Amino acid sequence: KLGHSPSQSAMSAIDRRVRHLMDHFNEKDLANTMYAWARLGHTPETSDIASAERRATMLFDNMSMQELTNVMYGLESQVSRHMPQHALLSQVAGRIHESTDQQLIHLLRNFYAMSYDMGHGAMNRVRDRITSMEGDSERGPKFYANLLWLFASMRYHPGAEAMDSMSRACANFSHMLIPRHVGATLFAWNKLGYVPDLDVWDRFCAGMSSTLLTKEWSARQLTYALWALGNMRPWRKPRAEHIAQIVALLDQSDVRGTILSSNGLLRQLYQANSLMRLGDDDGEAPLLALPEDLLVRGHEEWLKGGDEYRSYGQHEVSAALARAGISNEQEILIPETPFKVDIWLDGARMAVEVEGPTHYTRTSPTVDPSATHMTLARRIWMHACGVRCLYVPYFAWATNDEAAQDRYVTEELLPRIEQRNGWTPEQLAVV
């Protein structure tokens with residue numbers, strides 16, 4: 001709390017004492033110790049972390065939500081060395097709806113960092129508590145933007161009513177937005193496939209415009225904002241003046257220097273530029289006109305392709321196609337487009353995209369997941385560019401079952417490959 005970091009010898013002595021007394025710690029002792037581990041960036045022995053977790057499980061019923069929040073903070077800080085057991089995490093998830101707003105954000109961040117699936121029951125209780133207190137004067141854009149980001153990152157869709165409520169709250173506080181809130185909200189809308197109504201969109205964009213004028217944006221935040229707005233274009237077209245504001249900030253020497261030194265930012269900027277220009281056939285000036293040097297360098301980096309990631313599912317689909325006599329290549333850039341496809345069928349001049357869990361979000365465990373905006377926008381723009389494409393969703397693909405995979409290729413893919421007929425945007429909803 002004082003911001004003081006004890007010496008290593010002092011921490012070692014404290015660790016020995018903690019180890020000796022752990023079985024006698026009460027709830028507050030344990031919570032304070034684990035909070036201190038996280039705040040000090042301390043790395044106790046893994047056996048000490050495991051002992052603290054066992055003690056937390058024993059004391060759980062008598063711990064306050066603040067004490068549980070401190071315990072989770074400590075465990076999350078050590079997760080690279082010790083993964084907590086399901087027993088404790090499920091107990092905390094069962095009580096998370098009892099937390100205050102601040103505790104809730106911290107706990108969700110902990111669960112996300114631990115890659116722990118709380119389950120729809122616990123997440124639904126969180127959603128219900130939030131929406132039952134819509135308009136709470138103590139809440140600001142930080143709370144709602146963080147909550148939207150966490151829901152999206154944890155691939156939990158709270159439903160249209162909750163999305164309306166949280167998005168409306170962000171728009172109501174648009175004059176208080178900071179760059180991180182803008183990015184978090186756009187990320188959630190894209191990831192969860194949500195289209196805000198026009199009033200919310202206009203107020204949010206007005207707040208973003210004010211933030212662009214009054215707050216300091218990093219190169220990464222500006223590039224991401226352009227890319228996210230490009231993905232939203234099929235549903236909500238950004239205003240030219242807002243895009244111009246972002247481009248003006250990109251042209252500042254410090255921002256420009258950061259982008260030019262980052263291959264990843266250059267690729268994302270080039271893709272944002274392409275997304276903003278696709279489908280412009282109404283005679284209007286393009287929404288986005290990047291400085292020429294950034295555009296040229298971005299195109300160069302895009303053609304290099306960046307780091308190649310090939311999922312296990314992608315390898316399986318490629319192998320199943322090969323067994324069916326369809327020659328194919330993986331990770332191919334489509335010329336004159338901002339797209340690289342998972343699998344390219346040169347003979348049929350078609351692409352196959354293998355869409356894993358990150359391409360979808362689930363509103364209920366009993367229904368098939370729905371595609372995110374980022375996924376839908378990519379499908380729409382690929383079709384607009386004349387790329388015929390087939391999509392293989394992860395929940396329709398039988399991992400590690402060659403017989404089922406071969407049936408899927410024979411029944412679902414080969415007929416369309418033989419007809420050279422990819423899915424159209426109208427058909428995407430039923431893929």
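Reply: Strand 2 and strand 3 form a hairpin, and four residues lie between the two strands. Arginine 349, in the turn, has a positive phi of about 55°. Helices (H or I, at least four residues) and strands (E, at least two) are DSSP runs numbered from the N terminus. The model is predicted, so local features need pLDDT of at least 70 and side-chain atom pairs count only at pLDDT 80 or more, while totals for chains, interfaces and linings use all residues. Residues are numbered from 1 along each chain as its sequence is written, and side-chain values use heavy atoms, with hydrogens and water left out.

Across the pairing, tryptophan 344 stands opposite alanine 351 of strand 3. Strand 2 is mostly covered, with six of its six residues buried (under 20% relative accessible area; exposed is over 50% and partly exposed in between, with a 1.4 Å probe and protein chains only).

Strand 1 runs antiparallel to strand 2 (residues 340-345), and four bridges join them. Leucine 333 has lysine 340 of strand 2 as its bridge partner, and glutamine 330 is bridged to isoleucine 343 of strand 2.

The axes of helix 12 (residues 219-232) and helix 13 (residues 240-250) come within 10 Å and cross at roughly 150°. Helix 12 is therefore roughly antiparallel to helix 13 (over 145 degrees; under 35 is roughly parallel, 65 to 115 roughly perpendicular and the rest oblique). Their crossing is left-handed, meaning that the near helix is turned anticlockwise from the far one by less than a right angle; clockwise is right-handed. Helix 12 brings Leu222, Thr223, Ala225, Leu226 and Leu229 to the contact (heavy atoms within 4.5 Å), and helix 13 brings Ile243, Ile246, Leu249 and Leu250. By class, this contact has eight nonpolar, one polar and no charged residues. Ala, Val, Leu, Ile, Met, Phe, Trp, Tyr, Cys and Pro count as nonpolar, Asp, Glu, Lys and Arg as charged, and the others, Gly among them, as polar.

A further pair is helix 6 (residues 101-113) and helix 8 (residues 141-153), whose axes come within 10 Å and cross at roughly 25°. These two helices are therefore roughly parallel to each other, and helix 6 passes helix 8 in a left-handed crossing. The contact involves Asp101, Leu104, Ile105, Leu108, Arg109 and Tyr112 of helix 6, together with Phe143, Asn146, Leu147, Trp149, Leu150 and Ser153 of helix 8. Its residues divide into eight nonpolar, two polar and two charged.

Finally, histidine 181 lies in helix 10 (residues 179-191). Histidine 181 is buried, with a relative accessible area of 5%. Apart from neighbours within four places in sequence, histidine 181 is in contact with Pro141, Lys142, Ala145 and Met176.

Terms used: Axes fitted to C-alpha atoms, helices over the stretch in contact; angles between N-to-C directions. Pairing = 2+ DSSP bridges.
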